[in-house]
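Hello,

Here is the structure you asked for. Please open it first, then read the notes below.

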Amino acid sequence: MDQNHLSEIQNTEQKIIEAAEQEFLIKGFDGARTTSIAAKAGVTHAMFHYYFRTKEKIFEKIISQKLELLTGLIMDSISIENLSLEEKLKRIIDSHIDFVSENPELPGFLVREIFNNPERFEILKARFETFAPLLIQNLQKELDKGFEEGKYRKTDAGMLLIDIISLNIFPYMAAPLINSILSGFMENKEKFKELRKKENFETIMRKIKA
């Protein structure tokens, strides 16, 4: 297979993935139609099935890609040895908020899909079963070391991660309500994102500092 043909295949696959992502986010898994995905991607329905065969296959592909990107960002932050815990937490918060701001509909979509179709939780579970325990273990080790040195309060790493995720995700899930109540508070997306990074980091540090 020559390079031009390979590039064409990859470009077509990516167009289908991007079209499917929008279809799923707008209509949910059950409401999404492969004919609509194919039309949005500018390919035939037969070509869609050639690349992905079923709606389930492309759904799994999209979720796996998103989770792989997210877990990679977080693990990269926590695994840098020459950074302090404060610097690692800042990188985790910053990279997570960047991810959520680029995929603002994704958290709500995943929650709805899990409640409506619990069997799809297995896709998320399979990814997090290998990622979450290692992250919590590494984070707990550093928190415990800081506690022994008198730098931090006794802190549970799992609960700390829940705090970080909640602080980062909630504004994006509640954006229509927040903008309505606070008169477009989130409309300047870049300004809001940077303010949120600073606020959430300071909140987390107040929680753990001795």
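Predicted model: local features only at pLDDT ≥ 70, side-chain atom pairs only at ≥ 80, totals over all residues.

**Overall**

The protein has 10 helices and 0 strands. Its C-alpha atoms fill a box of roughly 65 × 45 × 35 Å, taken along the principal axes.

**α4 and α7**

Start with this pair. α4 covers 55-78 and α7 covers 121-148. Their axes come within 10 Å and cross at roughly 10°. Angles under 35 degrees count as roughly parallel. α4 and α7 are therefore roughly parallel to each other.

Which residues meet? From α4 they are Phe59, Glu60, Ile63, Ser64, Leu67, Glu68, Thr71, Ile74, Met75 and Ile78. From α7 they are Ile123, Leu124, Arg127, Phe128, Phe131, Leu134, Leu135, Asn138, Leu139 and Glu142. By class, the contact of α4 with α7 has 13 nonpolar, 3 polar and 4 charged residues.

**α5 and α8**

Next, α5 (85-102) and α8 (157-173). The axes of α5 and α8 come within 10 Å and cross at roughly 30°. The crossing of α5 past α8 is right-handed. On the α5 side, the contact uses Leu89, Ile93, His96, Ile97, Val100 and Ser101. On the α8 side, it uses Leu160, Ile164, Ile165, Asn168, Ile169 and Tyr172. The residues of this contact divide into 9 nonpolar, 3 polar and no charged.

**α8 and α10**

α8 also packs against α10, at an angle of about 155° and with the axes 11 Å apart. That makes α8 roughly antiparallel to α10. This crossing is right-handed. α8 brings Leu160, Asp163, Ile164, Leu167, Asn168, Pro171 and Tyr172 to the contact. α10 brings Phe192, Lys193, Arg196, Asn200, Thr203, Ile204, Lys207 and Ile208.

**The largest pocket**

How big is the largest pocket? Its volume is about 670 Å³. The lining has 26 residues, and Leu70, His96, Phe128, Ile165 and Ile169 lie nearest the centre. Which helices supply the lining? α4, α5, α6 (106-116), α7 and α8 each give at least two residues. The largest share, 7 residues, comes from α8. By class, the lining has 23 nonpolar, 2 polar and 1 charged residues.

Phe128 of α7 is in the contact with α4.

Of its 13 lining residues, Pro104, Tyr172, Ala175, Met186 and Lys189 are the closest to its centre. α8, α9 (175-181) and α10 (189-208) each supply at least two residues of the lining. The largest share, 4 residues, comes from α10. The classes are 7 nonpolar, 2 polar and 4 charged.

Best wishes

Conventions. Residues numbered from 1 in each chain as written. Heavy atoms only, no water. 1 Å grid on protein atoms, 1.4 Å probe; cavity = no way out; pocket = protein on both sides within 12 Å on 5 of 7 lines; lining within 4 Å. Points joined across faces, edges and corners; volume = space filled by probe spheres on them. Nonpolar A, V, L, I, M, F, W, Y, C, P; charged D, E, K, R; others polar. Axes fitted to C-alpha atoms, helices over the stretch in contact; angles between N-to-C directions. Parallel < 35°, antiparallel > 145°, perpendicular 65-115°, else oblique. Left-handed = near helix turned anticlockwise from the far one by under 90°. Contact = heavy atoms within 4.5 Å.
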